Amino acid sequence: MALMCGMLWRLLLVLVHVNRALVSWLRVRLRSWKGRMWERAVAALLLPVALAGFPDHQRKLNRNTGANANTLPGSGTSTHRSRCLSDGRSLEKLPVHIGLLVAEEEPSYSDIANLVVWCVAVGISYVSVYDNHGIFQKNNSRLLEEIERRQQKFLGGDGSKHNVEFLSNGTDKHHNVVSCRPTVKVLSPEDGKQSIVQAAQQLCRSVESKERSSKDISVTMLDILLRESKNIPDPELVVKFGSVNSTLGFLPWHIRLTEFISLPSHRNLSYEDLLGALQRYSACQQRLGQ
């Protein structure tokens, strides 16, 4: 009898322990289930609000992204001018004179004006704009107005004006446009071949008038006369736009040592594209005939 009572007592203790363990497990599971249910309920309540607010946020983000994409060439803050100058100074070599050779039909005044202003902003002293048909030279006032607008937009209106000089059939017409005194020249094929003809005629007239002797007629003397008439250094770099593999008569006397870099088009060109061309020129090694 005593043995039976002992066994029954032990069985009751085991059942009590099992019951306690089961209750503890159920409590933990219940808390976890309630927590997940609460989180799901909160998420269900907040989801419509999040979905309703997301498009506005996305639109704002897109607007800010679009604004930042055009920040460098699009705004006239001193930060952008400083960046351009910093980019120019970071290059191992920067051309003193750069030529922009447009070998495409229907040139874009706004895109060329962008390039001119960016070249000036990085610290290039001379910029020559050239097309084979002389379109820019025939419409130089239109290009001048576009350069003024782009300068106002990109560099701001508080800077001093740069000196922009237009060449037309050997005659210089000076216009004050933009301030560090860089010079922009609009050229056509006549400014290359015709200049050589005029220099040769001047040399021949000086011999005829006894100012010089026939022994003075030389390539060196012709070179001196050509440089006196242009009064600008030879271009170290010419960026050619278009698929035509030709210089198209661009200053034939002045490009013996010029580096040519070709880009597919001048249309929709970005500041980074121009900077990439300048970096390529900076990295190239010119043997200078050695």
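**Entry 1: salt bridges**

I count a salt bridge where a side-chain nitrogen of Lys or Arg lies within 4 Å of a carboxyl oxygen of Asp or Glu. I note at the start that the model is predicted. With this rule I find four salt bridges.

I looked up R149 and found that R149 pairs with E146, with 2.5 Å between the closest N and O atoms. Both residues sit in helix α6 (residues 140-155), and because they are three residues apart they are separated by about one helical turn. An α-helix has 3.6 residues a turn, so residues three or four places apart point the same way. I then checked the cover on each partner. R149 has 48% relative accessibility and is partly exposed, while E146 is buried at 11%.

R83 bridges to D87, with the closest N and O atoms 3.3 Å apart. R83 also bridges to E272, and here the closest N and O atoms are 3.6 Å apart. I note that D87 and R83 are both in helix α3 (residues 78-90), four residues apart, about one turn of the helix.

D87 counts as buried, because its 14% relative accessibility is under the 20% limit. R83 is partly exposed at 35%. E272 is partly exposed as well, at 41%.

**Entry 2: the whole chain**

I stepped back to the totals. The protein chain has 290 residues, and 37% of them count as buried. I read off nine helices and seven strands for its secondary structure. The chain exposes about 17800 Å², of which carbon and sulfur atoms supply 56%.

**Entry 3: a nonpolar patch**

I looked for nonpolar surface and noted a patch of about 620 Å². The residues that make the patch are L8, W9, L11, L12, L13 and L15. I placed one of them, L15, in helix α1, which covers residues 2-69.

**Entry 4: helix α4**

I took helix α4 next, which runs over residues 109-122 and has 14 residues. From its first C-alpha to its last α4 reaches 20 Å, close to the 20 Å expected at 1.5 Å a residue. Is α4 largely enclosed by the rest of the structure, or largely open? I found 13 of its 14 residues buried, so α4 is largely enclosed by the rest of the structure. Just after α4 I noted G123, which takes a positive phi of about 110°.

**Entry 5: H97**

I found H97 in strand β1 (residues 97-102). H97 has 0% relative accessibility and so counts as buried. I looked up what H97 touches, leaving out residues up to four places away in sequence. The list holds Y126, V127, S128, I232, P233, D234, P235, E236 and L237. With S128 there is also a polar contact, side chain to side chain, at 2.6 Å.

**Entry 6: A277**

I placed A277 in helix α9 (residues 271-283). At 2% relative accessibility A277 is buried. Apart from neighbours within four places in sequence, A277 is in contact with V239 and I261. I also checked A277 against L237, which is 40 residues away along the chain, and found 9.5 Å between their C-alpha atoms.

I looked at L251, which is not a glycine but has a positive phi of about 35°. L251 lies in the loop between β6 (237-241) and β7 (259-263). I found L251 buried, with a relative accessible area of 4%.

I then turned to N268, again not a glycine, with a positive phi of about 55°. N268 lies in the loop between β7 and α9. Is N268 buried or exposed? N268 is exposed, because its relative accessible area of 70% is over the 50% limit.

Notes
Residues numbered from 1 in each chain as written. Predicted model: local features only at pLDDT ≥ 70, side-chain atom pairs only at ≥ 80, totals over all residues. Heavy atoms only, no water. Patch = residues over 30% accessible without salt bridge, like charges linked within 9 Å, V, L, I, M, F, W, Y side chains within 5 Å. Areas by Shrake-Rupley, 256 points an atom, 1.4 Å probe, with all protein chains shown as cover. Helix = DSSP H or I, 4+ residues; strand = E, 2+ residues; numbered from the N terminus. Expected span 1.5 Å × (residues − 1). Buried < 20%, exposed > 50% of the residue type's maximum accessible area, 1.4 Å probe, protein only. Polar contact = N/O pair within 3.5 Å; in protein donor to acceptor, adjacent residues only side chain to side chain. Contact = heavy atoms within 4.5 Å.
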